[in-house]
Amino acid sequence: MKPVIALTKGRLETQFLKYFSGLGFDIEPIVNKGRKLRVETDDLQFIFAKGPDVVTYVQYGIADLGIVGGDILAEYTADVYDLLPLPFGACRMAVATEKGKVWPDQKKTIASKYTGITKAFFKEKGESVEIIKLEGSVELAPILGLADAIVDIVETGTTLKENGLVIDEEFMHFSARLIANRSSLKIKREELMPIIEKLSNQEGAQ
Ligand SMILES: Nc1ncnc2c1ncn2[C@@H]1O[C@H](COP(=O)(O)OP(=O)(O)OP(=O)(O)O)[C@@H](O)[C@H]1O
Ligand SMILES: O=P(O)(O)OC[C@H]1O[C@H](OP(=O)(O)OP(=O)(O)O)[C@H](O)[C@@H]1O
């Protein structure tokens, strides 16, 4: 059976395909996949899922390898082998507020998609905060008065800037990561190693 790679849909998929074709792999069946969520190339099978689900498919051995953001590995604990960084998907985690924000005397409210990371960050600082979980567009929360600040990914800073927010503190740096199922690495070592080696042939990874 061909090795299975689980790929995070969307932004990372696009960046991975560019990188993968640059390494000489055939991406034509993937580029022309339409809405299909499973695609085969001559040597590999690909499945397409949301980041947290990529981790789940790899943990349960449905996929041998996975491409996922480091932020997802930090947020969701999983029993997978975190093999190596990839040279795309660079971003950082930051606390951001409205420009000129005056912090309240009482408990701060923080909105985030990353509630685990947020909780750990403020715990480490010894600060008790209320955390509100959002699923996206978190920059809205301080503007609309739902929260005092957000914890979110920043890449170019454009989203913050265009919504009148500024970085208060940056605290983690991420890139996309190559992950593997633990037993696949032993059982399918011969098939997986050439792919892993090619993917590790990179510059500029974090
Ligand atoms: N602005 C960004 N710049 C670089 N990498 C990013 C950025 N936003 C997200 N990422 C990385 O890409 C991964 C996938 O993010 P993406 O926004 O495509 O999916 P998502 O967070 O599930 O959002 P959506 O619900 O819109 O699909 C994230 O886990 C992170 O590692
Ligand atoms: O610093 P920038 O380059 O502007 O990128 C940061 C934005 O990208 C991500 O959002 P995404 O586009 O994934 O949408 P989302 O709000 O639905 O998560 C992240 O949550 C920020 O909003």
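## After helix α1

G24 follows α1 and has a positive phi, near 95 degrees. The model is predicted. With that in mind, start with the helix that leads to this glycine.

## Helix α1

α1 runs over residues 11-22. How far apart are its end C-alpha atoms? They are 17 Å apart. The helix has 12 residues, and at 1.5 Å a residue they should span 16 Å, so the two values agree.

L12, F16 and F20 of α1 are buried. They cover an arc of only 60 degrees around the axis, which means that they sit on the same side of α1. The face turned away from this buried side carries T14, K18 and G22, which are exposed. What do the buried residues of α1 pack against? Their partners are β1 (4-8), β4 (65-69) and β11 (176-180).

## The chain as a whole

The chain has 206 residues, and 30% of them count as buried. It holds 9 helices and 11 strands. Along the principal axes, its C-alpha atoms fill a box of roughly 60 × 30 × 30 Å.

Contacts across the sequence can be counted too. Take the contacts in the chain with a separation of 6 or more: 69% of them join residues 24 or more positions apart.

## Around ligand 1

The shell around ligand 1 has 15 residues. Which of them come nearest? They are G10, R11, G69, C91 and E155. By class, the shell has 5 nonpolar, 6 polar and 4 charged residues.

Helix α1 returns here. Both α1 and α4 (70-75) supply at least two residues each to the shell around ligand 1. Two domains contribute as well. Domain 1 (4-89 + 175-199) gives at least three residues, and so does domain 2 (91-174).

Key
Residues numbered from 1 in each chain as written. Chains lettered and ligands numbered in written order. Predicted model: local features only at pLDDT ≥ 70, side-chain atom pairs only at ≥ 80, totals over all residues. Near = placed C-beta within 6 Å. Helix = DSSP H or I, 4+ residues; strand = E, 2+ residues; numbered from the N terminus. Nonpolar A, V, L, I, M, F, W, Y, C, P; charged D, E, K, R; others polar. Domains from an automatic or database assignment. Expected span 1.5 Å × (residues − 1). Buried ≥ 20, exposed ≤ 12 C-beta atoms within 10 Å, placed from the backbone. Arc of directions from axis to C-beta. Contact = placed C-beta atoms within 7 Å.
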